[in-house]
Amino acid sequence: MRERDQDKIHLKGLTATGFSHVLQFMYYGTIELSMNTVHEILQAAMYVQLIEVVKFCCSFLLAKICLENCAEIMRLLDDFGVNIEGVREKLDSFLLENFVPLMSRPDFLSYLSFEKLMSYLDNDHLSRFPEIELYEAVQAWLRHDRRRWRHTDTIIQNIRFCLMTPSSVFEKVKTSEFYRYSRQLRHEVDQAMNYFHSVHQQPLMEMKSNKIRSAKPQTAVFRGMIGHSMVGKNWGQMASFMLHPKCLDMTQDRTLGYEWQTCLFHGLSLLLELLGDKWEFVDPYPVNKYGHEGTVLGKKLYITGGITSSSTSKQVCVFDPSKEGTVEQRTRRTQVVTNCWENKCKMNYARCFHKMISYNGKLYVFGGVCVILRASFESQGCPSTEVYDPDTDQWTILASMPIGRSGHGVAVLDKQIMVLGGLCYNGHYSDSILTFDPEENKWKEDEYPRMPCKLDGLQVCSLHFPEYVLEHVRRCS
């Protein structure tokens, strides 16, 4: 080092206050931080590469961050090039949680760069705010400096106009000066208006502008029976609630992500065409039955089990829509058999009122009723679990549930499958939640809190909700 031969060493850019605090830490291992001196201490610590003090300064700044000093802290960390693990993530988390309030502050608008704004608008953690508020925040950023208007077309593509209400689009978007200025904005608005008008086609319209802002899906439970009483219209308070762990979104494997939805009843097969919002007949199901279960896997519909002539069934049939006839052939009077249905390997256990879900390219079947007593039509719950591999056309028996049940709900959550509620074999309704690990073939009980009420015949799915919607639900309940 050239400084070793010098009588005096000039530490450029450092202050006596900052360097004295760093020296105190070197000798005594203690340091005093305040908002008045932290920037000087951070500068000195970065100069001598004292990482421990840099970490202390960053932790102190993040603990003190608020709307009033956020822009100053951002500038401080950027000026010194702080690259401590976790600091940027925590700073971004604060910015995303307070994005709209921050965008009303001139100091923050001045410092926020175009690149940072684009990255924030592309982030699903902005789900705390309605989309119209994000659009108004973007307008504030553009109006802050007229030179920023050249970025309008690019920024607008990160606003999801389909998530707004039609009234918000008419009253707050189409009336702004940017609607006349930006051709891209007019295009996005036209696309949103088409989305609003095409109600029945919305499940098939997958665009960036209609993707729900949600950091993680929620497991939602809808309706069901409490004892022998059907849950009424007041489902929001009685039998609809959400769990908040990270869940896998199964809509791609379920009928919502598929062009057709199918319903079976007494051998008739009905097909709902979402594009036309109408039901049509397809090839009849090979056997009259009810109490069966169906789900989609690999663009095919699998039907398992059910009740035929008061006895439970092991049958497995798959419906392939690619083999169906033309629209003219799909009428009730002129049924044309096109071999859409195909029998597959039977399950190991006959069952009805069970649940089935597709996960990781396989079908998992849980519980149900295995034995129907004709005299009283009472049932005996089945605790068995089995999995179907479509590549080998084979069923494999897995670990049984701790207690047999039917009429339960199932959903996938972070590499585990949840089983919720249902009617247990002992005749008691359940509010418990079981989790099954397909990798380890093990069941766990009481990993999650019990449901608010005991439900049978419930339906469960994974949905994405914006955080501001969830906050409203929590306040109302």
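Q: What makes the meeting of the E131 and R213 side chains a salt bridge?
A: In this predicted model, the side chains of E131 and R213 approach to 2.8 Å, N to O. The cut-off for a salt bridge is 4 Å between a side-chain nitrogen of Lys or Arg and a carboxyl oxygen of Asp or Glu, so the pair qualifies. E131 belongs to helix α9 and R213 to the loop between α13 and β1, so the bridge ties together parts that are 82 residues apart in sequence. Both E131 and R213 are buried.

Q: Why is the pair D124 and K211 called a salt bridge, and which parts of the chain does the pair link?
A: The closest N and O atoms of D124 and K211 are 3.5 Å apart; the limit is 4 Å, so the contact counts as a salt bridge. The pair links distant parts of the chain, with D124 in the loop between α8 and α9 and K211 in the loop between α13 (183-197) and β1 (218-222), 87 residues apart. D124 and K211 are also linked with R160 in a network of salt bridges.

Q: Why do D124 and K211 fall into their accessibility classes?
A: D124 has a relative accessibility of 17% and therefore counts as buried, since buried means under 20%. K211, at 45% relative accessibility, counts as partly exposed, because that class lies between buried, under 20%, and exposed, over 50%.

Q: What makes D446 and R450 a salt bridge, and how is each residue classed?
A: The closest N and O atoms of D446 and R450 are 3.8 Å apart, and the cut-off is 4 Å, so the pair is counted. D446 has a relative accessible area of 54% and is therefore exposed, as the threshold for that class is over 50%. R450, with 48%, is partly exposed. The structure holds 15 salt bridges.

Q: How do you know that the buried residues of α8 line one face of the helix?
A: In helix α8 (residues 114-121), F114, L117, M118, Y120 and L121 are buried. Viewed down the axis of α8, these buried residues fall within an arc of 165 degrees, so they line one face. They pack against α5 (87-97), α6 (99-102), α9 (131-144) and α10 (152-156).

Q: What makes the nonpolar surface patch, and why can V48 be part of it?
A: The patch of about 680 Å² is made by L23, M26, Y27, Y28, Y47 and V48. Helix α1 (residues 16-28) supplies its largest share, four residues. V48 lies in the loop between α2 (38-47) and α3 (51-64). At 31% relative accessibility V48 counts as partly exposed, and patch residues need over 30%, so V48 passes that cut-off.

Q: Why is V53 called buried, and which residues does V53 contact beyond its sequence neighbours?
A: V53, found in helix α3, has a relative accessible area of 0% and is therefore buried, the limit being under 20%. Leaving aside neighbours within four places in sequence, V53 is in contact with F25, I31, I41 and A45. V53 and M26 are 27 residues apart in sequence and 9.6 Å apart in space, C-alpha to C-alpha.

Q: How many disulfides are counted, and why are C340 and C461 classed as they are?
A: The count of disulfides is zero; the rule calls for a pair of cysteine sulfur atoms within 2.5 Å. C340, at 2% relative accessibility, counts as buried, because buried means under 20%. C461, with a relative accessible area of 28%, is partly exposed.

Key. Residues are numbered from 1 along each chain as its sequence is written. This is a predicted model: local features need pLDDT of at least 70, side-chain atom pairs count only at pLDDT 80 or more; totals for chains, interfaces and linings use all residues. Side-chain values use heavy atoms; hydrogens and water are left out. Buried means under 20% relative accessible area, exposed over 50%, partly exposed in between (1.4 Å probe, protein chains only). Helices (H or I, at least four residues) and strands (E, at least two) are DSSP runs, numbered from the N terminus. The arc is that of the directions from the helix axis to the C-beta atoms. Contact means heavy atoms within 4.5 Å. Patches are made of residues with over 30% relative accessible area and no salt bridge: like charges are joined within 9 Å, nonpolar side chains (Val, Leu, Ile, Met, Phe, Trp, Tyr) within 5 Å. Accessible areas come from the Shrake-Rupley method with a 1.4 Å probe; for residues, only the protein chains shown count as cover.
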